[in-house]
Amino acid sequence: MRLMMALGQPSVSSLDAQLSHFISFKSRFSSMPRPNFTAVTEFIFEGFSIFEWHSRLILFVVFLALYLLTLASNALILTAIRLNRQLHTPMYFFLSVLSISETCYTLAIIPRMLSSLLSPQQAISIRECATQLFFYLTFGVNNCFLLTAMGYDRYVAICNPLRYSVIMGKRTCMQLASGSWSIGLSTAIIQASSVFSLPFCDANIISHFFCDVRPLMKLACADTTMKEFVTLLISLCVLVLPMVLIFISYVLIVTTILKIASAEGRKKAFATCASHLTVVIVHYGCTSFIYLKPKSQNSLQDRLISVTYTVITPLLNPVIYSLRNKEVKDALLRALGRKPLSQRLVPAPGSAPGHWAQASGISEAVTQAPIFDRSLGICCAYNRAQYREAHQ
């Protein structure tokens, strides 16, 4: 005993005292009252339940009309591109893929949102909520990178028109499209598994009209700091990276367009990019405001902004980007059995070169090619000469 004390070791009696003290502390701790948690098995969307019945009915009619227009527009575009071989080009290939993605994107969100407008406080199981979040993220992220691929297509068409058919070949288009789908799928798997690995206790009212990442994290009864950091990193990669790539593309496009001497040529060149740029600004502007801003207590404002990129933007894509295009209009008229607008124009002697191009069915891209590159003017002049020889 003395030897143990000399070496600085505790005695047997002191060890017994410490052990008895630990056992008594453990018994007191185990007897302390613990909070009772109830595991959540289903969620309830708050949606637009704060509005009166007549306001929700108006929203239902408006959203239903926009949804039906979106489905009809995308169906018309896919039909026109499928039936018209002249539209089997990279630009319209990406448009068709975007139409399919937008249709699936709206199917994942809008039907349940319309149902909740008529019957508020509807419940959704955790499995159904996870499924909705998965498809929402898959198609939403896919749309972001498809818009980036379409921006690259416009860059090649304007800045490097002579090698456009070589660069934007079928293999390249398939790689860009499949890459967009792969990124969307992998992002959805990571985010959905990250969110639903959290425990959900007691609170089950989602302050949104669909299952989204941030509203779900607010209901978790665990520390979500690391999860929120991962979500922020993914948002930066999904939103900021495509925006930077599109911005670089348009800087190069504008630089090329400003070198054009003709004012009419510059106007036509800007017109070819205006539709895509409009969709990009609306899409990325709204989604960036929601996912890149700090935490907000104004959930109603977030819901109203979310309506823009879930209901309005999917309709803008086919209407602004496609249905205003002359080639798509001609394809739709052919599908309806009517004479296209380009064939109604009969070239007259001494008519402008553009009239010859419209009458001969030369694509709009070819007629505008001389404003991008002087050598393409020779190609267009050769095509017009062939047309004159064929009709003499």
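**View 1. Helix 5 against the sheet.** Helix 5 lies across strand 1, strand 2 and strand 3 and runs at about 85 degrees to strand 2. Helices (H or I, at least four residues) and strands (E, at least two) are DSSP runs, numbered from the N terminus. Axes are lines fitted to C-alpha atoms, for helices over the stretch in contact, with angles from 0 to 180 degrees between N-to-C directions. The model is predicted: local features need pLDDT of at least 70, side-chain atom pairs count only at pLDDT 80 or more, and totals for chains, interfaces and linings use all residues. Residues are numbered from 1 along each chain as its sequence is written, and side-chain values use heavy atoms, with hydrogens and water left out.

View 2. Three strands, in the order 2-1-3, form an open sheet with mixed pairing. Two strands pair if DSSP finds at least two bridges between them. Strand 2 (123-125) and strand 3 (205-206) are the edge strands, each pairing on one side only. Strand 1 (residues 42-45) pairs with strand 2 in the antiparallel sense over 3 bridges, and with strand 3 in the parallel sense over 2 bridges. Opposite F43 stands I124 of strand 2. I44 stands opposite A123 in strand 2 and opposite I205 in strand 3.

**View 3. The disulfide C129-C211.** C129 and C211 are joined by a disulfide with an S to S distance of 2.0 Å. C129 lies in helix 5 and C211 in the loop between strand 3 and helix 8 (213-217), so the pair ties together parts 82 residues apart in sequence. The torsion about the S-S bond is about -130 degrees, so this disulfide is left-handed. The structure holds 2 disulfides, a disulfide being a pair of cysteine sulfur atoms within 2.5 Å.

**View 4. Helix 5 packed with helix 10.** The axes of helix 5 (residues 126-159) and helix 10 (residues 263-291) come within 11 Å and cross at roughly 150 degrees. The two helices are therefore roughly antiparallel to each other (under 35 degrees is roughly parallel, over 145 roughly antiparallel, 65 to 115 roughly perpendicular, the rest oblique). Contact means heavy atoms within 4.5 Å. Among the residues that make the contact are Y136, F145, M150 and R154 of helix 5, and A269, H276, V280 and Y291 of helix 10. The contact residues divide into 12 nonpolar, 5 polar and 1 charged; Ala, Val, Leu, Ile, Met, Phe, Trp, Tyr, Cys and Pro count as nonpolar, Asp, Glu, Lys and Arg as charged, and the others, Gly among them, as polar.
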